[in-house]
Amino acid sequence: MAGLVVPTRDSFGRLQDGTEISRFTFQNKNKVTVRIINYGGIITDILVPDKNGEIKDINLGFDNIKGYEARHPYFGAICGRVANRIAGGKFTLDGKEYQLPVNNGQNHLHGGVKGFDKVVWEARVDDDTLVLRYVSPDGEEQYPGELTTEVRYRLTNDNELSIDYTATTTKATPINLTNHSYFNLAGQGYPNLDDHVIWIDAFTYTPLDENNIPTGTLAPVSGTPFDLRNPTRLGDRLKSVRNGKGYDTNFCVGGRTGNLTRVASLAHTPSGRKIDVFTTEPGLQCYTGCNMAAGVFGKGGVEYRKLASVCLETQHYANSVNQPNFPSTILRPGQSYRHTTVYKFGLTS
Ligand code: GLA
């Protein structure tokens, strides 16, 4: 299988209940290495060279399964059944009211108390693809329908990490899947984002109310700190975003749902490392680690600070299930949910 990057498998230790977790390592011919575990579908490591060939891990996470099994801010994980917030955990679907668990103030966040980030996925390797499969029972976290989800991870020799999501359901349900990796292109644990330059191809964003729920309007970014249509140095910009809190913002990158489109890029000037983000999704939640608690220690014992990492979460808009004017997140029996996102690692020219 010349040209294909075939992942190898080893053990990542055991959960408290004894379940053994597997780790899959992709390494391509350019020495880009990506490691993924079948607990939460978590990307544990992304090692990429800089312009001088110096390799660093640019992805926040933990050294062992204990770190991931404990409460943490979704490092590297697949979030679902519905990533992002549902107001009050409530929605009405086909005339029936649902109340999901609330785990973020008054809201339901990232699938609830035990979301897809905290489950064990069946794993198999199919040529160059790691296929993760999870069957979410009818009623899990109070969601309707048995939902069968597959997530396919691949790494190419063009440094593209692609994530393909598919799902089918036995009853109508909301669904919104994403990956919640945190990047710092200076190397994980670097204490700030100052020399990062971001570009997001969005004319509008979804402003939030006091409960962090979209108001329902798509507001123009023009004249606001959310205008990232020209590459913008985060060190200059973050102070003016939400009174210095930074981005935790959904950008409307779509109107193009279904077509894989380059929607964002993140570059680090001193090292030259760069990520281009391509997606079929209409939204990109850019989160600059604003809520990182004090005392989160990650790989190698480094402390992860606030405003020192970026998530570029491709997804539908928060609370879409309660906003008829947002692109729909409802999946019905007989339909197939599809979402593709590609993170392409490269160098600035
Ligand atoms: C998302 C949310 C943030 C935060 C992080 C995880 O990005 O929008 O508010 O919850 O996840 O901490």
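## Close-up views

**View 1. Leu-218 counts as partly exposed, at 43% relative accessibility.** What you see is a predicted model, in which local features need pLDDT of at least 70 and side-chain atom pairs count only at pLDDT 80 or more, while totals for chains, interfaces and linings use all residues. Residues are numbered from 1 along each chain as its sequence is written, and side-chain values use heavy atoms, with hydrogens and water left out. Leu-218 belongs to the loop between strand S19 (204–205) and strand S20 (219–220); strands here are DSSP runs (E, at least two residues), numbered from the N terminus. Look for Pro-207 as well: Leu-218 and Pro-207 are 11 residues apart in sequence, and their C-alpha atoms are 7.3 Å apart in space.

**View 2. The ligand sits in the largest pocket.** A pocket is an open set of points on a 1 Å grid over the protein atoms alone, with protein on both sides within 12 Å along at least five of seven lines.

**View 3. Side chains of His-180, Asn-291 and Glu-313 come up to ligand oxygen atoms.** A ligand oxygen is 2.8 Å from a side-chain N or O atom of His-180, and for Glu-313 the distance is 2.8 Å. For Asn-291 it is 3.5 Å. Taken alone, the ligand exposes 300 Å², of which the protein buries 94%; these areas come from the Shrake-Rupley method with a 1.4 Å probe.

**View 4. Thr-314 takes part in contacts with Thr-178 and Thr-341.** A polar contact is a pair of N or O atoms within 3.5 Å; within protein, one must be able to donate a hydrogen and the other to accept it, and residues adjacent in sequence count only if both atoms are side-chain atoms. A polar atom of the Thr-178 side chain lies 2.8 Å from the backbone oxygen of Thr-314. The side chains of Thr-341 and Thr-314 make a polar contact at 2.7 Å. Thr-178 is in strand S16 (residues 178–179) and is buried, with a relative accessible area of 0%. Thr-341 is in strand S28 (residues 337–347) and is buried too, at 0%.

**View 5. Here are some backbone features in loops.** Most residues other than glycine have a negative phi, and most peptide bonds are trans. Lys-31, although not a glycine, has a positive phi of about 65°. Lys-31 is in the loop between strand S2 (20–27) and strand S3 (33–37), and is exposed at 53%. Asp-94 has a positive phi of about 50°; this residue is in the loop between strand S8 (90–93) and strand S9 (96–99) and is exposed at 56%. The peptide bond from Gly-80 to Arg-81 is cis, with omega near 0°, and Arg-81 lies in the loop between strand S6 (78–79) and strand S7 (85–86).

Note on methods. On a 1 Å grid over the protein atoms alone, a cavity is a set of points where a 1.4 Å probe fits but cannot get out, and a pocket is an open set with protein on both sides within 12 Å along at least five of seven lines; lining residues have an atom within 4 Å of a point. A molecule sits in a cavity or pocket if more than half of its atoms lie within 2 Å of its grid points. Helices (H or I, at least four residues) and strands (E, at least two) are DSSP runs, numbered from the N terminus. Buried means under 20% relative accessible area, exposed over 50%, partly exposed in between (1.4 Å probe, protein chains only).
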